[in-house]
Amino acid sequence: MSASKRAFVLAGGGSLGCIQVGMLRALLAAGVEPDFLVGSSVGALNACYFAAYPDVDGVERLAEIWASVRRRDIFPVTLGTILAILKREDSLIDSAPLRRMIEKALPYKFLEEAKLPVHLVATDLQGIAVTISRGAAVDAILASAAVPGVFPAVEIDGATLMDGAVAANTPVSIAVGLGATEVFILPTGYACDLQEPPSGAVARALHAVTLLIAWQLSRDLERLPRDVAVHMAPALCPLDVSPYDFTQSEYLIERAALSTRKWLDDGGATQRASSAQLAPHRHARHAPAHRILPRSSNA
């Protein structure tokens with residue numbers, strides 16, 4: 001019989017990726033540690049950093065990084081951004097600032113140099129999930145986080161890759177395919193309590209991606225084999241912070257740590273995750289999966 005393997009799966013979510021830091025803080029404090037990590041989009045960045053420093057001190061350093069990040073560090077709005085809109089280019093944001101930030105934070109160049117095995121998920125041009133387990137770490141993170149239309153796609157080994165959230169397979173199914181017998185999902189969640197659409201093209205794109213991720217996770221939870229133990233730290237809801245807002249990181253980290261600690265105290269690590277944990281809004285458990293908007297009286 002093969003040895004059991006525990007994977008931490010870190011999904012995407014823009015600035016809401018800071019929530020995963022609070023979850024990591026609570027999990028490690030409770031003695032729950034992974035054998036390997038799978039990350040997608042901003043979860044790829046968190047996974048790679050944690051794979052370098054898989055301990056309490058490493059999590060606190062990651063919290064400090066998140067507390068110092070501002071929108072302009074990742075999504076700088078420059079003359080180039082305006083020109084990209086006018087010229088209808090393939091992406092709005094230059095990924096160079098994000099590349100510099102990752103290079104400064106990450107202590108290794110190649111994924112295989114991390115202390116814990118780390119696997120990143122991206123998507124190819126056919127919409128198929130691509131798992132990256134070796135090679136240049138920064139390129140792999142940028143590929144996994146290349147939100148279509150926002151960041152440019154990244155070419156690795158001849159394949160043009162974009163955000164892992166686009167793929168049909170989520171990081172959860174990838175983790176099981178890599179041999180995980182127990183999976184802890186660290187979702188970023190989404191702004192379930194927004195009262196109006198986020199302002200701006202990038203903000204709306206990120207909000208759409210977080211919704212896509214939630215639905216994909218929900219679907220995959222129903223399809224996973226029953227012999228795989230799957231647990232999911234609680235997403236934060238109500239939540240009215242946009243995935244484009246980087247000013248609330250410390251608050252969200254602390255809130256996620258408290259929420260995850262309570263979940264663990266209530267036996268969350270022994271309970272199988274369900275799609276109800278990712279309900280698309282506060283009343284979704286009682287809402288129809290498909291809505292028909294009222295037609296105009298002139299229709």
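A nonpolar core is a set of buried Ala, Val, Leu, Ile, Met, Phe, Trp, Tyr and Cys residues joined through side-chain atoms within 4.5 Å. Buried means under 20% relative accessible area, exposed over 50% and partly exposed in between, with a 1.4 Å probe and protein chains only. The model is predicted: local features need pLDDT of at least 70, side-chain atom pairs count only at pLDDT 80 or more, and totals for chains, interfaces and linings use all residues. Residues are numbered from 1 along each chain as its sequence is written, and side-chain values use heavy atoms, with hydrogens and water left out.

Q: Which residues does phenylalanine 75 touch, not counting residues up to four places away in sequence?
A: Phe75 is among the residues with the most contacts inside the largest core. Contact means heavy atoms within 4.5 Å. Leaving out residues up to four places away in sequence, phenylalanine 75 touches Ile93, Val150, Phe151, Val202, Leu206, Tyr244 and Phe246.

Q: How many residues of helix α7 are buried?
A: Helix α7 spans residues 137-144 and is mostly covered. The buried ones are Ala137, Val138, Ala140, Ile141, Leu142, Ala143 and Ser144. Of the 8 residues in α7, the number buried is 7.

Q: At what angle do helix α3 and helix α10 pack?
A: Two packed helices are described by the angle between their axes and the distance between the axes. Axes are lines fitted to C-alpha atoms, for helices over the stretch in contact, and angles run from 0 to 180 degrees between N-to-C directions. For α3 (residues 56-68) and α10 (residues 249-265), the axes are 8 Å apart and the angle is about 145 degrees.

Q: Why does threonine 210 count as buried?
A: Threonine 210 is found in helix α9 (residues 201-223). Not counting residues up to four places away in sequence, threonine 210 touches Gly13, Gly189, Tyr190 and Pro243. Threonine 210 counts as buried because its relative accessibility is 2%.

Q: Which residues does alanine 273 touch, not counting residues up to four places away in sequence?
A: Alanine 273 lies in the segment after α10. Alanine 273 is buried, with a relative accessible area of 9%. Beyond four places away in sequence, alanine 273 touches Leu221, Val230, His231 and Met232.

Notes:
Helices (H or I, at least four residues) and strands (E, at least two) are DSSP runs, numbered from the N terminus.
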